Amino acid sequence: MHFEIPKTHELFRQCIREFVEKEVKPIAEEIDEEERFPIETVEKMSKMGLMSVPIPKEYGGAGGDNLMYAMAVEELSKACGTTGVILSAHTSLGMGPILEFGTQEQKDKYLPKMASGEWLGAFGLTEPNAGTDAAGQQTTAYFDEKTNEWVLNGSKIFITNSGYAHIYIIIGMTDRSKGLKGISAFILEADTPGFSVGKKEKKMGIRGSATCELIMEDCRLPKENLLGQEGKGFKIAMMTLDGGRIGIAAQALGLAQGALDETVSYVKERKQFGKAIAKFQNTQFQLADMYAKVEAARLLVYKAAWKKTNHIPYSVDAATAKLFAAETAMEVTTKAVQLHGGYGYTREYPLERMMRDAKITEIYEGTSEVQRMVIAGSILS
Amino acid sequence: MKIVVCMKQVPDTTEIRLDPVTGTLIRDGVPSIMNPDDKAALEEALVLKDKYGAHITAITMGPPQADAILREAFAMGADRGILLTDRKFAGSDTLATSTALAAAIKGLEYDIIIAGRQAIDGDTAQVGPQIAEHLDLPQVSYVKELEFGKDNVLKIKRAIEDGYYLVEVKAPCLLTVLSEANKPRYMHIRGIVEAFDKEVEIWTVDNITVDETKLGLDGSPTKVKKSFTKGAKQAGKVHEVEPKVAADIIVDKLKEMFII
């Protein structure tokens, strides 16, 4: 067992840090304030090949691994939680299921353009009445034998990257009588007639990320746009979320690390009672606790990523990483605001934004409660 | 087109802090980076490669860990990397460094040699021009813009303090580039993934033809007599007045300080 980060990954981290410092950090506050999707950052990430980190070279990807991908989301999220989730949703939820379950034709058709960043990806599972209870899908799909097409009807909510994505993985019911085995997955292109993007949510955090409703009204897809086999949609969705959880855990890790870094600098500068507040034992103990949690979260995230790369079952690891990293992000950002005092509560400092951004990591791609269900289910089986 | 880019690994001087007690530099934990002007030099080479197609060799002289900047050069788009490393090079001043680098470059094919203007640790701006002298090549320093034209002629905007020269030079030649010349690209992610699969060629004194007495500390005419930390300057004062009044203020001040 060894904990050495490979040289390639160190060089990769150096590259992402430089990029974040110059391109992401300077606009993080602005995109939050204006609730603006940072399309220019997506273009810059595309140009350097960052939109395709774990995608094999044969599909135009960078040919990296899941640890690199997790490190990318972590580094981006240290400065901007919004940018972190854009990459995570595109990579894990948009490209992930096509890479894992797509036919050769589907991979050849979609992955190169998604890897280059030309086509952004998104994933539509959640509905108004199907959140954690993902099986309660109201979206339906039936096969029209006359035209040889799938016809989708229904709506999805809270879809990350919506409006900017070109490729949407849509989960829908193809046979309600079969319950979970009657759910299927589809690849939908944004310009398909009958498809539209609805209202944009006003959110507490990750305010630059585009989160909208998707509406499908007699939306006709060619036969070959069924992803995987008919009836396997629930399994595809769950396995996709396993991968996505590594991304969100990495986002949470980045937010926590970013808040810790800001706090370490601040407490050395901030003076009260004639000395830097870093000299007070309360500050030191708080920082030590924050650091210990962040380090533990990092090991869990990296381990889950490593397992995925090495094709070792990682579902429970991803759930554990996401649970712990998300709760760490919430705790560390809250403490960071506290250590900044009144300044931490103002928008002059990034801490309150990080705290708002952190909260979502306990909710999306499986709430902390769902992660506990996954973990408990595994240890009790 | 064959391009050789000379580069140096330097401490990231923006990360260097002063010891508040001794006033000396704290170098511990300071990351090493590709010298910024050299990164601009590589970017100029990469732009030429994008436009016309070129083979780029990145070369550096330094300790074994200078391998890192050649990996970075690979990830940005360089095709070949050479690390000139040998204990016999230790303690080289600019002349001994340029002697070794020029000898190494003699063993390469090139149309253009591009170097950064200067390194942020030494600030001498001498190594590039000296290489050109050793190789008997025309040189243009302080390049801000360049265009590759017909018959191997480069049209160059060469910066000077209050303007620039427009010059033409025929390849083979050596250029030194300012960091303002461009905004270097980020490493490409696929390039990073592949950077450690490529070979960095390790060259020692045995790989080059050179008079060994001209290398290292013994081959360096520069002798460091003493080094000290520059004292902090006092804050300046701004007078927003007519030039005539300003001149009077300056003269009074100089008299007050018994300088005139």
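Two strands pair if DSSP finds at least two bridges between them. Strands themselves are DSSP runs of E with at least two residues, helices are runs of H or I with at least four, and both are numbered from the N terminus.

The model is predicted: local features need pLDDT of at least 70, side-chain atom pairs count only at pLDDT 80 or more, and totals for chains, interfaces and linings use all residues. Residues are numbered from 1 along each chain as its sequence is written, while chains are lettered from A and ligands numbered from 1 in the order in which they are written.

Strand β8 (residues 112-116) of chain B pairs with β12(B) in the parallel sense, over five bridges. Here Ala115(B) stands opposite Thr176(B). Strand β9 (residues 139-148) of chain B also pairs with β12(B) in the parallel sense, over three bridges. Val140(B) stands opposite Leu175(B).

In β12(B), Cys173(B), Leu175(B) and Val177(B) lie on one side. Leu174(B) and Thr176(B) lie on the other.

Now turn to the neighbouring chain. Twelve residues of chain B are in contact with 15 residues of chain A; contact means C-beta atoms, placed from the backbone, within 7 Å. On chain B, α2 (67-76) and α5 (189-195) each give two or more residues to this side. α5(B) gives the most, with five residues.

How values were computed: Two residues are in contact if their C-beta atoms, placed from the backbone, lie within 7 Å. A residue is buried if 20 or more other C-beta atoms lie within 10 Å of its own, exposed if 12 or fewer, and partly exposed in between; C-beta atoms are placed from the backbone.
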